[in-house]
Amino acid sequence: MPLYLALICVGALLAVSVYAIVQRRNPDISRNVYRLCIALCGVLFLAAVMPRGAHVVSTTLPLGLPWIGMHFRIDVLSAFFLAVVNLGGAAASAYAIGYGAHEKDPMRVLPFYPAFLAGMNVVVLADDAFAFLVAWEFMSLASWALVLTHHHEAENRRAGFVYLLMASFGGFALLMAFGVLGGVGGAYDFASIRESTKEAWKSGLILALAMVGMGSKAGLAPLHIWLPLAHPAAPSHVSALMSGVMTKVAVYGFIRVVFDLLGPPAFWWSVEPMTFGAASALIGVLFATIQSDLKKLLAYSTIENIGIIFIALGLALAFKANGLALPAALAFTAALFHVFNHSLFKSLLFFGAGAVLSGSGERSIERLGGLIHSMPKTAFLFLGGCVAISALPPLNGFVSEWLVFQAILLSPSLPQWTVKLLVPAIGVALALSAALGAGCYIRAYGVAFLGRPRSEAARVAQDPDRWSLGTMAALLALCLLAGLLPSLLIDTISPAAKDFVGGRMPAQAELAWLSIAPIAQSRSSYNGLLVFVFILFSAYSAKWVIHKFGSSRSRRAPAWDCGYIEKSPTTQYTASSFAQPIRRTLGVIAFSVRERLDMPAPGEMRAARLSVDIKDRIFDYLYAPLTRAVETCASGLNILGLLSIQEYLALVFGALVFLLVLVAI
Amino acid sequence: MTFLFDLMAQGVQMLLVLALAPLLIGFIRKMKARLLRRKGPPIIQPWRDLIRLLRKEVVLAENASWLYRSAPYLIFAMTWVAASLAPTFATGLMFSWSADLIAIIALLGSARFFLALAGMDIGTSFGGIGSSREAMFGSLAEPATIMIVFTVSYIAGTTQLSEIAAFMAANLELRASVGMALVGLLIVAIAENGRVPVDNPATHLELTMVHEAMVLEYSGRYLALIELASALKLLLYISLIACVFFPVGLATHDADLHTMAIGLGAYILKLAIGGGALALFETSTAKMRVFRVPDFLGAGLMLGLLATLLVFVTRNL
Amino acid sequence: MDLLTIDIAHVLAGALVLTSFMLLYQDRLSGLINIYTLHAVVLSLSVAWQAYYQDAPHLYVTAGIAVIFKAVIIPFSLRRIIERLRIHRTVEVVGGVGVTMLIGIFLTALSLVVMLPATASADPLAREDIAFALAIVLLGLLMMVTRRNAVSQIIGFMSLENGLILAAAGAHGMPLVVEISVAFSILIAFIVIGIFLFRIRERFDNVDLFELDRVRGGRS
């Protein structure tokens with residue numbers, strides 16, 4: 001029943017796309033489309049959480065390849081991701097009811113938006129390689145079209161190009177992965193793939209291909225370069241969907257292939273996700289720290305969070321390979337918890353960035369400032385998002401990171417020395433990225449929302465409409481809820497952990513005071529609710545005592561600033577000066593920063609200049625040689641265009657004979 | 001009855017840390033003064049200052065926002081909660097399990113987050129400089145602390161402070177990694193609390209200041225709360241070091257009053273030793289340049305990492 | 001076996017690794033020599049403790065040799081050398097301390113991964129001594145690779161040699177004759193290098209090895 005409901009809704013989403021094209025003259029079309037999307041996403045969400053009769057529900061529809069059809073299935077994992085996708089989808093649609101009114105050319109968004117949602121849903125529901133890949137490419141193309149919404153700007157066209165290139169590369173890798181998975185027998189539905197046996201080298205190859213294919217969509221370093229270009233280029237609600245939801249669909253694909261289809265893991269599988277995850281976490285957060293474009297900053301921070309998820313998944317693989325069911329379940333739960341969390345707060349932050357963009361027209365935080373006065377409600381909600389994503393208690397980001405740390409602390413039970421010593425190193429990368437992440441959001445929030453306005457636009461900016469604010473408030477409430485009552489979410493995830501890593505965490509809801517204890521209370525426990533109550537209690541009792549026995553008077557005066565404050569707002573600390581210490585200490589390694597100071601001699605009247613060069617090393621060392629190699633090959637192949645027909649035929653003939661020889665051997 | 005007794009013990013601890021924190025600061029100042037052959041103010045002086053500040057009117061900058069006004073309460077509350085969840089005179093107090101070691105570190109991180117934001121609210125250049133440097137120090141100190149947490153909990157098999165203290169007291173073992181973790185934690189503690197060589201708690205108006213730069217615009221009760229929070233933070237770090245590395249004399253939560261009194265005495269003695277050592281260290285070193293601090297903290301981080309590695313080399317191989 | 005005895009041996013060996021890291025971190029020549037002295041003292045303590053624990057009197061002699069040569073004579077003459085060369089205040093330009101330290105930690109992890117499983121049957125103390133010794137040797141090599149100054153390269157070399165002695169002491173001893181000859185050969189190598197230093201200095205007015213490389217016609 002839920003599966004049919006879900007498939008009908010997907011069909012309806014596609015119909016909404018058509019409806020948007022047909023009704024393009026209708027002045028209310030934008031609102032109508034988004035309202036329909038909310039309704040459909042809501043139904044899909046219900047389909048995900050409603051009790052299913054059987055543990056796994058599957059069906060075959062007569063679509064696609066003749067006689068075989070398309071297979072669809074809902075199990076606990078798809079249901080979880082279905083819920084995440086549609087929660088994000090519903091939030092983005094609700095936000096867009098207000099935000100979409102700012103769109104100059106709505107017809108570049110409306111037809112693709114429901115199609116994008118439909119594509120993501122089908123990926124999660126697919127139960128054969130064909131359906132999976134078709135839906136995957138559909139999702140990629142729809143999001144590519146959305147990235148090109150503002151195609152008048154050259155930067156966005158470039159983003160679209162890079163995105164398309166990386167998406168087709170990733171799609172190709174996935175095609176190969178499923179090809180190898182299917183094997184010679186050509187098994188293409190997941191059930192028969194699951195049954196087949198795989199040799200060790202094949203598993204390694206599939207793992208690598210899946211890392212490339214899914215990783216390029218999720219934004220795993222070094223395949224992340226398209227992400228900070230493409231995500232910010234789209235309209236903000238689409239950015240939220242791409243960053244908060246689409247990357248999670250890629251994570252789903254990775255889990256489906258590696259934890260499910262590939263069979264029992266070997267311990268060395270864990271090395272790849274963990275190291276690349278750690279690299280992504282560090283690279284993402286370091287680049288986020290030096291961005292001044294708010295949306296770009298958020299996109300880089302997505303890379304960081306994807307890194308954290310992959311670290312947790314790698315840990316789960318390592319534990320699962322050694323038959324340590326409980327730690328594996330802990331790591332797996334941490335990964336899914338972070339998936340859920342990140343979809344919430346990243347959407348919230350992108351909505352906030354959209355509100356800033358529509359309210360002030362500025363994307364660069366260097367030209368903002370003081371928004372807490374002009375946009376007080378957005379400022380409050382955005383602050384909540386920042387606290388959540390910086391992994392600070394008592395909000396939800398901390399809980400998932402705490403769970404990952406707890407999983408890391410169980411690593412001495414692993415028998416392999418390589419992994420045993422690798423895990424603490426991964427842990428330091430995780431801790432470093434968490435701490436840098438907090439610094440990054442202090443900078444983003446402090447420069448954009450606090451201080452004095454750096455431009456007229458920032459001074460007169462206004463809060464967005466009710467729909468946008470309401471959506472953001474709802475997301476923040478969910479963040480708070482997930483932070484205070486994590487036990488509910490953990491218990492929801494544990495059936496998935498049971499199915500995919502063979503163990504489950506102890507039921508959390510029965511613990512006293514609603515706290516969580518992954519292994520046992522004598523080992524570790526955390527109670528977000530109590531901590532929150534204590535903080536509120538201490539703060540309010542301090543306030544009460546001070547106002548009662550001390551003083552409650554206050555008066556306003558000009559700022560002191562050690563004597564005299566310069567009136568011009570340009571004397572404030574800027575975003576780049578805030579990042580300077582981190583740029584200096586860590587930047588030399590991470591992005592080969594060069595600072596050049598041009599200081600005029602005493603008496604000379606020209607201004608001093610400081611210029612900073614920042615290079616993306618990955619781009620220089622990985623992509624630039626690759627591009628050059630491709631160019632060389634292409635110019636080599638130009639010769640082919642000059643051949644005569646006879647020579648062409650000879651070439652084709654030769655190839656045919658060569659293949660026949662291969663088959664013969 | 002036991003419930004009530006437990007609740008009381010927890011309440012006593014909350015009030016105890018609050019009462020002792022300014023006295024610790026006063027004691028350190030007194031010691032430093034004595035080491036320089038000055039007489040120094042009485043130990044009670046920080047409390048007097050705080051009470052005076054609490055009674056004063058607050059002068060707010062014209063563009064101070066609600067964040068600026070609520071941040072001191074939040075910072076104080078978070079630090080206080082963190083300080084009262086760590087074992088001081090007894091382990092296993094009623095709510096000690098609601099936040100383990102990682103959560104306590106993260107609570108301090110939350111307090112830092114709001115302090116750094118408050119520093120940027122008025123839009124002065126001093127505030128920005130302080131916040132930016134605090135963010136840099138924090139982003140190196142926090143991973144170092146986490147590595148030390150790793151070391152300790154790999155050894156003790158738990159992240160609950162009470163359990164760690166019990167384990168360390170029961171299984172006395174000399175280990176290279178514990179020594180390195182201790183030195184690493186000392187480095188972190190010095191940096192996190194803005195003591196000399198990293199920051200100078202005694203000066204305003206110095207271009208290298210960090211903590212004082214952030215709170216420059218605060219006055220009256222807000223300033224009092226922030227000062228109290230930073231005193232609590234220092235106390236918390238000393239209690240952490242004491243309970244993990246020197247768990248001598250700690251009572252358990254179900255002990256009788258007599259044992260608890262011994263625990264309290266031991267705790268106060270440990271605080272005095274810690275404060276005295278800090279005063280001695282501060283008078284004998286000079287402040288570093290700001291861009292040497294990352295090296296200093298980096299050494300802490302490396303020690304933590306090395307300690308974590310060496311955990312796996314033990315006599316129980 | 002007394003647990004405390006093992007613990008002390010473990011702490012001393014760990015301290016030796018830590019001192020190697022301090023050598024790697026220190027960029028002042030005079031400071032480097034001081035830390036090297038410390039390295040030698042910790043080594044001889046460690047060896048002496050091994051002598052007590054294994055009840056092997058000849059290891060006391062090794063410890064004695066280590067103290068006399070490495071903690072007294074060599075640092076003293078090194079200090080004289082750098083004073084006569086007028087480089088005792090030199091602060092060496094060490095590129096990327098952080099990266100070097102990370103590599104050092106990686107090398108330590110590597111030696112643990114290699115040594116601990118390989119020596120599973122030996123007694124715990126010998127195992128950890130050998131693992132630590134390999135780490136010290138690798139760190140000494142790393143120091144020789146990353147430093148440009150000839151004096152710090154010598155120190156790197158000698159810390160490497162300390163690692164070898166630790167390994168030998170932990171693995172139930174090499175004969176005394178071998179040890180004495182090793183000590184003497186180190187001393188001779190030291191003298192030769194010292195003479196060379198002066199010759200280099202007379203020729204090029206510098207002991208920076210990059211300069212030498214340039215003269216040889218290598219990369220500048």
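**Exercise 1.** How many residues does the contact take from chain B, and how many from chain A?

*Solution.* Residues are numbered from 1 along each chain as its sequence is written, and chains are lettered from A, with ligands numbered from 1, in the order in which they are written. This is a predicted model, in which local features need pLDDT of at least 70 and side-chain atom pairs count only at pLDDT 80 or more, while totals for chains, interfaces and linings use all residues. Two residues are in contact if their C-beta atoms, placed from the backbone, lie within 7 Å. By this rule the contact takes 73 residues from chain B and 71 residues from chain A. On the side of chain B that touches chain A, the largest share, 18 residues, comes from α5(B), where helices (H or I, at least four residues) and strands (E, at least two) are DSSP runs numbered from the N terminus. That side of chain B divides into 42 nonpolar, 20 polar and 11 charged residues; Ala, Val, Leu, Ile, Met, Phe, Trp, Tyr, Cys and Pro count as nonpolar, Asp, Glu, Lys and Arg as charged, and the others, Gly among them, as polar.

**Exercise 2.** Find which strand of chain A is joined to β1(B), and state how the two run.

*Solution.* Two strands pair if DSSP finds at least two bridges between them. Strand β3 of chain A, residues 554–557, is joined to β1(B) by four bridges, and the two run parallel. Within this pairing, Arg555(A) has Val59(B) as its bridge partner in β1(B).

**Exercise 3.** Describe chain C and the side of chain C that touches chain B.

*Solution.* Chain C has eight helices and zero strands. Of its 220 residues, 41% are buried, a residue being buried if 20 or more other C-beta atoms lie within 10 Å of its own, exposed if 12 or fewer, and partly exposed in between, with C-beta atoms placed from the backbone. The contact takes 22 residues from chain C and 17 residues from chain B. On the side of chain C, the largest share, 10 residues, comes from α1(C).

**Exercise 4.** Where does Asp55(C) lie, and is Asp55(C) buried or exposed?

*Solution.* Although Asp55(C) is not a glycine, it has a positive phi of about 55 degrees. Its place is in the loop between α2 (29–54) and α3 (57–84) of chain C. Asp55(C) counts as exposed because 7 other C-beta atoms lie within 10 Å.
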